[in-house]
Amino acid sequence: MVVSGGRIVAAGPPASLQIPADARQIALPGLTLLPGLIEGHSHLLLHPYNETPWNDQVLFESLGERVARGVVHARRTLEAGVTTARDLGSEGAGYGDVGLRDAINKGVIAGPRLLVAGPAIVATGSYGPKGAPEHSLPLGAEAADGVDDLIRVARTQMGRGADFIKVYADYRWSPTGTAAPSFTLDELERLVSVTTSSGRVVVAHAATAEGMRRAILAGVQTIEHGDGGTDETWALMREHGVALCPTLSAGHAISQYGGWRPGQGPEPERVRIKRESYRAAVQAGVEMCFGGDVGVYPHGDNVRELELMVDWGRDLGMDDRAALQAATAGNARLLGLDDRGLVAPGLLADLIAVEGDPSSQISALRAIRWVMKGGQIVVETTSR
Ligand SMILES: [Zn+2]
């Protein structure tokens, strides 16, 4: 491969390449070279809930602490071979994600290329933290209600640096604490039309069939979570070209924080529901995004989601190769990033080298030995 100006100029057998006389040559013997990974659902401003519960992170950690942690998380993410990450909401840390993105782009700190949501949008009354009703607690996202308010808040978030808008189409706020839709179809449609007219997209947190239906009809790019999807939901997603970020690892991790050990004892219901809905979506041919909700579990452990995708979906065609494609060319395509995700001339020189062959054993992605981002070597393990 020949790299120049941060991009791939040529790739192929050495004899076929025109190598400039002054080129620095790098050999990666015994390693597999592939495109950098694209994480579809991260929260760089969160850290694992078994360290600090989500409520306490939002309520009691200062913005300074949260951003400082985010700086560490960004480096770990890059070291894990993730050269692009779509960050799905700052969860109460304001525009800290915009600052991280800009600091990375300016070369101040190490990290993946970031697409950030900013605060994200929720319906009043739906989101947490929740406590004594007499008090207004800081929220993990920004509330907006009604078409006019949604337009104002979306435009504000975009103006302050959000690359896209994340909306919570439903949340766990029914009287019994189960998930229920939060916005009307009309509200979501206007939010999408205002956002897309600025050249951005809306992505939706949705875990109920009705929340998913409204979000899909409104025109969101991806559905996040999707636990309550039905055959009708999957068909609608296919019809509208909406991809699913199943975030398999999130509930899997939270269940373990609650004491469950995979393979031991009865499987928690949330894990069973997640596995079954994921399998139904794969079987229905819904396009799968690689996005695990990393931050609920440790940054740098992004591959955990790919391993679960394969573990739970291999017999339905989500094998190692398919999962690897989801994490590279697949996410590039469904997120509209046509300058990355493949090793091909003209694309960004975002590349990783691993031990083994991840297309036949996805866990090989845990053995990252070398990472290049934009033509710069950012990780080089010399202990081989
Ligand atoms: Zn999330």
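## Basis of the description

Helices (H or I, at least four residues) and strands (E, at least two) are taken as DSSP runs and numbered from the N terminus. The model is predicted, and local features are considered where pLDDT is at least 70, side-chain atom pairs count only at pLDDT 80 or more, and totals for chains, interfaces and linings use all residues. Residue numbers start from 1 along each chain as its sequence is written.

## Backbone features

His225, which belongs to strand E13 (residues 222-225), has a positive phi of about 90° although it is not a glycine. A residue is called buried if 20 or more other C-beta atoms lie within 10 Å of its own, exposed if 12 or fewer, and partly exposed in between, with C-beta atoms placed from the backbone. His225 counts as buried because it has 27 C-beta neighbours inside 10 Å.

Ala120, likewise not a glycine, has a positive phi of about 75°; its place is in the loop between strand E6 (113-116) and E7. Ala120 is buried, with 24 other C-beta atoms within 10 Å. In the loop between strand E7 (121-122) and strand E8 (142-143) lies Pro129, and the peptide bond that joins Gly128 and Pro129 is cis, with omega about -5°.

Strands are said to pair if DSSP finds at least two bridges between them.

Strand E5 (residues 82-87) pairs with E6 in the parallel sense over 4 bridges, and the bridge partner of Ala85 in E6 is Leu114.

## The antiparallel sheet

A second open sheet, of 4 strands, has the order E3-E15-E16-E17 with antiparallel pairing. Strand E3 (31-35) and strand E17 (376-380) form its edges, each pairing on one side only, and neighbouring strands of the sheet are turned by 20° against each other on average, direction ignored.

Strand E16 (residues 368-373) and E17 pair in the antiparallel sense over 4 bridges, and Lys373 has Gln376 as its bridge partner in E17. H2 packs on this sheet, touching E16 and E17, and its direction makes about 110° with that of E16.

## Packing of H10 and H11

The axes of helix H10 (residues 303-313) and helix H11 (residues 320-334) come within 9 Å and cross at roughly 140°. That makes H10 oblique to H11, given that angles under 35 degrees count as roughly parallel, over 145 as roughly antiparallel, 65 to 115 as roughly perpendicular and the rest as oblique.

The contact is made by Leu306, Met309 and Val310 of H10 together with Asp320, Ala323 and Ala327 of H11. These residues divide into 5 nonpolar, no polar and 1 charged, where Ala, Val, Leu, Ile, Met, Phe, Trp, Tyr, Cys and Pro count as nonpolar, Asp, Glu, Lys and Arg as charged, and the others, Gly among them, as polar.

Conventions:
Axes fitted to C-alpha atoms, helices over the stretch in contact; angles between N-to-C directions. Contact = placed C-beta atoms within 7 Å.
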